[in-house]
Amino acid sequence: MDLIEAMQTQGTCRSYLDRDVPDDVLYKAFDAARFGPQGGNRQPVRFVVVRDAAKKRQLKSWYLDQWNPYLERLTGGKIGATALPKSVKAADEFAQHYDAVPALVVVCAEISGLLATDRDLGRLSIVGGGSVYPIVQNFLLACRNEGLGTTLTTLLCAAEASVKDLLQIPDDVATAATIAVGWPARPFPSKLTRRAVDDIVHVDSYDGQTLAR
Ligand SMILES: Cc1cc2nc3c(=O)[nH]c(=O)nc-3n(C[C@H](O)[C@H](O)[C@H](O)COP(=O)(O)O)c2cc1C
């Protein structure tokens, strides 16, 4: 499919058909994703595709441990399930069915292959994940190209020690995300809600002129 169309319609998929994603389709998506840039071309990214039902149930339980308090904070514990905003309700339904997603792809990174050039700035490191997420985004787009829906999640990373134990991920490897992958139960969005170019791009200074069209 057209690259720009894929980028503009690769939205978060909150419900999936009860249909397996075959190896060869995933293989094709990973084969495209791996060309993403990585610092020094050290290639530290690894993936674990979780299809096993018992393992998915366990991941769901740890996901809900993170999701439930997050939802509570989001709603102040005051809004009933029926009054939740549509996007939050969809995310909650997704969380309650996390184990029903055909494949949960746990994104891992060898820590020795990451270089956080902003690590001494006394704030949260952004660069630390810089070698990981271009490949992740490539994977999301490659899945879109195959007609697969995806949801990028990071809540499970808070339960990293348990996840690593479950999936036998080595000590010197970190988890960076878990991507839900499956055939979407509903059509892809025709347009995603995002800020306009003029809101996010300026020339020569942070609040400088916007680009001419
Ligand atoms: C870094 C990152 C982490 C995310 N983590 C989660 C998550 O843990 N759980 C979840 O339901 N959605 C998660 N999302 C999905 C976002 O909520 C979603 O991309 C956003 O609401 C926009 O949705 P849209 O792409 O469908 O417009 C994450 C997205 C990103 C980029």
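How many bridges pair strand 1 and strand 2, and in which sense? I looked: six, antiparallel, with strand 2 at residues 103-110. Strands here are DSSP runs of E, at least two residues, and helices are runs of H or I, at least four, numbered from the N terminus. Two strands pair if DSSP finds at least two bridges between them.

Housekeeping: this is a predicted model, where local features need pLDDT of at least 70, side-chain atom pairs count only at pLDDT 80 or more, and totals for chains, interfaces and linings use all residues. Residue numbers start from 1 along each chain as its sequence is written.

I found four strands in an open, antiparallel sheet, order 1-2-4-3. Strand 1 (45-50) and strand 3 (149-153) are the edges, each pairing on one side only. I also noted Arg46, whose bridge partner in strand 2 is Cys108.

Then I checked the ligand. Its surroundings (C-beta atom, placed from the backbone, within 6 Å) include Gly11, Phe94, Thr151 and Leu192. Strand 3 gives the largest share of this shell, three residues. By class I get five nonpolar, six polar and no charged residues. Nonpolar means Ala, Val, Leu, Ile, Met, Phe, Trp, Tyr, Cys and Pro; charged means Asp, Glu, Lys and Arg; the others, Gly among them, are polar.

Last, I took helix 3 (53-75) and helix 6 (160-167): about 175° between them, axes 11 Å apart. Axes are lines fitted to C-alpha atoms over the stretch in contact, and angles run from 0 to 180 degrees between N-to-C directions. So helix 3 and helix 6 are roughly antiparallel (over 145 degrees).

Terms used
Angles under 35 degrees count as roughly parallel, over 145 as roughly antiparallel, 65 to 115 as roughly perpendicular and the rest as oblique.
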